Amino acid sequence: MPVLAWPDAALATSRGLEAVKTRGELLWGADAQGGAPYVFPDPRDPNHLIGFEVELAEALAAKLGVRARVVLGPWDSLLELLARGDFDVALNGLEATEEKKRVCLLTRPYYAAAERLTVRRGDPRAPHSLAELKGRVVGTLPGSLAERILVREGAQAKTYEGGQDDVYRDLMLGRTDGVLLDEPITWYYGAVEPELDVVPGSFGEVRYAAAVRLGEEALRDALDTALEELAREGTLRALYERWGLWNAETAALLGDPDPTPRGVPEQYTAWRAAVGKLPPFWERVRERYPATLALFLRGALMTLAVSLLAMAVAVAVGLGLAVARVFGPWPLRTLALVFTEGVRGTPLLVQLSLVYFGLPQLGVRLAPLTAGVLTLGLNYAAAEAENYRAGLSGVPAGQYEAARVLGMSRWQTLRHVVFPQALRISLPPMTNDFIALLKDSSLVSVVTLTELTRTYLNLANATRDHLGLGLVVALLYLLLGLPFAQLARRVEARLGQHLKGAPR
C-alpha cells in the first residue's frame, strides 16, 4: 500500500537524487481516477491503492534505497505539478514522446503496448481497420497517442475526462462507433464486456516512461539504472505477468526472447472477480459501501475544511469590499469595483491554475490547502461583496436619520442599526453561496487535494459502480449542507427578533 503525501513548500525546494536519498522517500505523482491497471483503489479494500505502477514505483524506490510515497493529482496536470516541485517523478501511463522532452526528462521506456480498437459485438457497421475510422465517432482519452491516430485518420475523436469506464459505457449505449485505447485499458475495461468485441491486430504502439524535472539528470539516470536492473532480474516481467500485461511489444522492449506469458495473471483475475459483475444494489449497501465510509468521510472532512476556511475568507474580504463601495472614497470604490468585476468575470478553474501554477513563476509558492482556500475565498468574496452591498443599500434612509436623532455615532449606527438589518437581507443569498462553494470545492483536486468528489470518481472508476457510489456521495453533500441551511434560518429568526427593538 503506497503512502499518500501532501506536497508543501518545503518539499518543493528539495529536489534531485540527493534530496530523495536524504528525505528517504521517492515522491511519485499519479492519478487514481484513471483506474485499473495503473493506479486505483482496491475494489476489495478501497482504503488501499493498488496497480502495476504502484508496484513499479515501490520497486524503483527500493532500488534507490528509499520508500515510495504517492501524491495524487489530475492526470493532465502531472507534468505541471512535477515542474512545480510537488513530487520527484511522474509515473502514470505517460507516453514517451518527443514533445514531452521539451518540458521534462524521460526515463527509458518501461512498458510497451499496442493500440487496440473495440467495437460493439455483432454491429455490421463497426469499423475494423484504420481506413474505416474516417468520419466515424470513436471514443478515446485526451492527449493520448490514440487521439492523435484518430485525428490523423479523419475520425471524429470523442475524448473523455471522467475515466476509462465511461469511454466503453458510451460505446455500449451506441453513442460512439468504437473505442481506440492502449491495450492495458482495453483488456481491463473493453474486453470484459460481453457486448463488446476487440478487433484483432495493432493500430499503433505506445511506450510508457517516467518523467523527472529538467536539470535532474542524476535522478533520471538512477531511475534508468534501476529499470535496467529490474528488467534484467526478471522483476518487470513477473510484475506484468501478475497483472496480465505481458505482451510481445514489452518483450521486445526489454530484450526478452519469450513473449508468451507464464503463470496465472492473479491480479487481473482478482480484478475481474471483484468488478466483473456488480452485486445487487442492497447487497452493495450492506457489504461494500461500509468499507468506503472511511475514505468518503476523509474526503468529506477535506471538503468541509476547505469550504469553511474559504467562506471565512470570502465573508471577511467581501464585507470589506462592500463597505468600501458603499461608504469609501471614490479611489477605494473604484478599486473594490475592479476587483469584484475582475474576479466575477473569470472562471474559478483559471484562477486556481494561476494561483497554484502561475505564482511559482514569480517566486510565490503556496501549499495546496493554502492555494485552494485562498482562491475559493477570493472568488466567492466577489459574490459576497455584492450580497452585502445590496443589504447595506436596502436599509431605509430613515434608519440612519432615527439613529442620528438618538445621538448615535456613525460607528454605533453601522454596528447596531445598519449591519444587523443588512445581514438579515444578505443572509439567504449568503447561505446559497456557501452551499455553492461546498460543491465548487471539488475543483481543489487540481492542486492535489483529494476531497469528496475526487474520492467518488476514484472509487467509481475502480469499482465500475457510478450509480450506487454516486447516491452515497450525493447524500453526503446533502448532509454537509443541511446543517448550515438550518443554522442560517435560526440566525435570520434571531435577527428578526433583535430588529424589533431597532429605531423606526
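Biologist: Where is proline 37 found?

Modeller: Proline 37 sits in the loop between strand 2 (25-30) and strand 3 (40-42). Keep in mind that this is a predicted model.

Biologist: Which form does the peptide bond from alanine 36 to proline 37 take, cis or trans?

Modeller: General idea to begin with. Most peptide bonds are trans. Now the case here. The bond from alanine 36 to proline 37 is cis, and its omega is near 0 degrees.

Biologist: Backbone angles next. What is the phi of arginine 464?

Modeller: Again, the background comes before the case. Most residues other than glycine have a negative phi. Arginine 464 has a phi near 60 degrees, a positive value in a residue other than glycine. Arginine 464 belongs to the loop between helix 18 and helix 19.

Biologist: Is arginine 464 buried or exposed?

Modeller: Read the relative accessibility against the cut-off. Buried means under 20%. Arginine 464 has 7%, so it counts as buried.

Biologist: How much of the whole chain counts as buried?

Modeller: Of its 504 residues, 53% do. The chain has 19 helices and 14 strands. Its C-alpha atoms fill a box of roughly 95 × 55 × 45 Å along the principal axes.

Biologist: On to pockets. What is the volume of the largest pocket?

Modeller: About 760 Å³. Look next at what lines it. The lining of the largest pocket has 35 residues, and Asp31, Pro74, Trp75, Asp76 and Glu161 lie nearest its centre. Strand 11 (178-182), helix 14 (348-358) and helix 18 (452-463) are the elements that give two or more residues to that lining.

Biologist: How does that lining divide by class?

Modeller: The largest pocket is lined by 14 nonpolar, 13 polar and eight charged residues.

Biologist: How many cavities of 30 Å³ or more are there?

Modeller: Two. The largest cavity has a volume of about 50 Å³. Among the residues lining it are Asp31, Gln33, Ser445, Arg454 and Asn458. Its lining divides into three nonpolar, six polar and two charged residues. Asp31 also lies among the residues nearest the centre of the largest pocket.

Biologist: Finally, the surface. Which residues make the nonpolar surface patch?

Modeller: Phe281, Trp282, Leu467 and Leu471 make it, over about 470 Å². Helix 12 (281-327) and helix 19 (466-499) each supply at least two residues of this patch.

Biologist: How exposed is phenylalanine 281?

Modeller: Phenylalanine 281 is in helix 12. Partly exposed covers the range between the buried and exposed cut-offs. At 31% relative accessibility, phenylalanine 281 therefore counts as partly exposed.

How values were computed:
Residues numbered from 1 in each chain as written. Predicted model: local features only at pLDDT ≥ 70, side-chain atom pairs only at ≥ 80, totals over all residues. Heavy atoms only, no water. Patch = residues over 30% accessible without salt bridge, like charges linked within 9 Å, V, L, I, M, F, W, Y side chains within 5 Å. Areas by Shrake-Rupley, 256 points an atom, 1.4 Å probe, with all protein chains shown as cover. Salt bridge = Lys/Arg side-chain N within 4 Å of Asp/Glu carboxyl O. Helix = DSSP H or I, 4+ residues; strand = E, 2+ residues; numbered from the N terminus. Buried < 20%, exposed > 50% of the residue type's maximum accessible area, 1.4 Å probe, protein only. 1 Å grid on protein atoms, 1.4 Å probe; cavity = no way out; pocket = protein on both sides within 12 Å on 5 of 7 lines; lining within 4 Å. Points joined across faces, edges and corners; volume = space filled by probe spheres on them. Nonpolar A, V, L, I, M, F, W, Y, C, P; charged D, E, K, R; others polar.
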